[in-house]
Amino acid sequence: MVCALGASVCFGTATVLQAMAARTADAAGGDGEVGSAFAVTLFLRAVRQWRYLAGLALDGLGFLLQIAALRSVPIYAVGAALASSLAVTAVVSARLLRVRLSGAEWGAVGVVCAGMALLGIASGTEGDRDGPPALGYAMLGTALVVLVLALLGGRLPERGRPLALGLAAGFGFGVVEVSVRLIDSLAPSDLVTNPATYALLVGGGAAFLSLTSALQRGSVTTATAGMVIGETIGPALVGVVWLGDRTREGLAWVAVLGFVVAVAGALALARFGEAPVEADRDGIGVP
């Protein structure tokens, strides 16, 4: 559970550091550029800053901690912990970006913490089942569907596009969570014959594409809410039904309550799925 919370802290803090670097890069110039040229220029400016590089390093560390967590605790606990990274982003934003959190948002941060505490109390060990042989292929199929949605994102109906792409991103990240559990051997000969290996790679890439498209084309809050739902509920059910994830004896209801509370708190903080980077004339971040 410590690794899962550590991954949450890494991902949440990385979001804010990268947002700060992007804001500084945007202020440095580029007014005459538009579209993809501006995006490339902005990225090149941002990547030369220590905050952006530190954010990338934290993302890498967070991913390693996520893998370690998935090998030691149930998927439902890891999924809820990753969703709680929104609470970390909110708190760090309040400190570094001087974003004003409302009383309700501070309350949501407390709700997330309470939910994670309940999960920590109730979570058992990682399930000991490998799942049916077709599960790896099912994950690969899901990853391919997410990839198609990401590539066709611009053709989806405008009204439901952010939610659909957000859910797709969540399912993609969920595929990564399950696939990590399905990879038992790191021997090259085993990796190349395991469909979970390809599901992990395709699912992760498709998830990032879907989320990027969702954030560019609609409401950040809607897209992030869809992502939180997609990356928590589905993988949690797979872990319980097919991989043997369980709770401590007699504490199943505590785990369910903790999971629901943590995800609900994360949904209340969904606007922090993309760290706020706007500033007023005094340089103080505004929501």
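User: In which helix does valine 88 lie?

Analyst: Valine 88 belongs to helix α5; helices (H or I, at least four residues) and strands (E, at least two) are DSSP runs, numbered from the N terminus. The model is predicted, so local features need pLDDT of at least 70, side-chain atom pairs count only at pLDDT 80 or more, and totals for chains, interfaces and linings use all residues. Residues are numbered from 1 along each chain as its sequence is written, and side-chain values use heavy atoms, with hydrogens and water left out.

User: Why is valine 88 called buried?

Analyst: Its relative accessible area is 18%. Buried means under 20%, exposed over 50% and partly exposed in between (1.4 Å probe, protein chains only), so valine 88, at 18%, is buried. Leaving aside residues up to four places away in sequence, valine 88 touches Ser8, Val9, Gly12 and Thr13, where contact means heavy atoms within 4.5 Å.

User: What does the secondary structure of the chain come to?

Analyst: The chain has 12 helices and 0 strands. Read from the N terminus, the elements run α-α-α-α-α-α-α-α-α-α-α-α. Of the 287 residues, 47% count as buried. Among contacts between residues at least 6 apart in sequence, 83% join residues at least 24 apart.

User: What makes α3 roughly antiparallel to α4?

Analyst: The axes of helix α3 (residues 50-70) and helix α4 (residues 75-83) come within 9 Å and cross at roughly 155°. Axes are lines fitted to C-alpha atoms, for helices over the stretch in contact, and angles run from 0 to 180 degrees between N-to-C directions. Angles under 35 degrees count as roughly parallel, over 145 as roughly antiparallel, 65 to 115 as roughly perpendicular and the rest as oblique. The crossing of roughly 155° therefore makes α3 roughly antiparallel to α4.

User: Which residues in α3 and α4 meet?

Analyst: Gln66, Ala69 and Leu70 in α3 meet Ile75, Val78 and Leu82 in α4. These residues divide into 5 nonpolar, 1 polar and no charged; Ala, Val, Leu, Ile, Met, Phe, Trp, Tyr, Cys and Pro count as nonpolar, Asp, Glu, Lys and Arg as charged, and the others, Gly among them, as polar.

User: How many residues of α4 are buried?

Analyst: In α4, 9 of the 9 residues are buried, so this helix is largely enclosed by the rest of the structure. The residues concerned are Ile75, Tyr76, Ala77, Val78, Gly79, Ala80, Ala81, Leu82 and Ala83.

User: What span should the residues of helix α7 have?

Analyst: Helix α7 (residues 135-151) has 17 residues, which at 1.5 Å a residue should span 24 Å. The expected span is 1.5 Å times one less than the number of residues. The end C-alpha atoms of α7 are 24 Å apart, which agrees.

User: Which residues of α7 are buried?

Analyst: Leu135, Gly136, Met139, Leu140, Ala143, Val146 and Ala150 are the buried residues of α7. Seen down the helix axis, they fall within an arc of 145°, so they line one face of α7; the arc is that of the directions from the helix axis to the C-beta atoms. On the other side of α7, Tyr137 and Leu151 are exposed.

User: How do the buried residues of α12 fall, seen down its axis?

Analyst: The buried residues of α12 are Val254, Ala255, Gly258, Phe259, Ala262, Val263, Gly265 and Ala266. They fall within an arc of 160°, so they line one face of the helix. The face turned away from this buried side carries the exposed residues Trp253 and Val256. The cover over the buried residues of α12 includes α4, α5, α6 and α11.

User: Why is arginine 98 called partly exposed?

Analyst: Arginine 98 has a relative accessible area of 44%, and is therefore partly exposed. Its place is in the loop between α5 (85-97) and α6 (103-122).

User: Why is serine 219 called partly exposed?

Analyst: Serine 219 has a relative accessible area of 33%, which means that it is partly exposed. This serine is found in the loop between α10 (195-217) and α11 (220-242). The C-alpha atoms of serine 219 and proline 162 are separated by 6.3 Å, with the two residues 57 apart along the chain.
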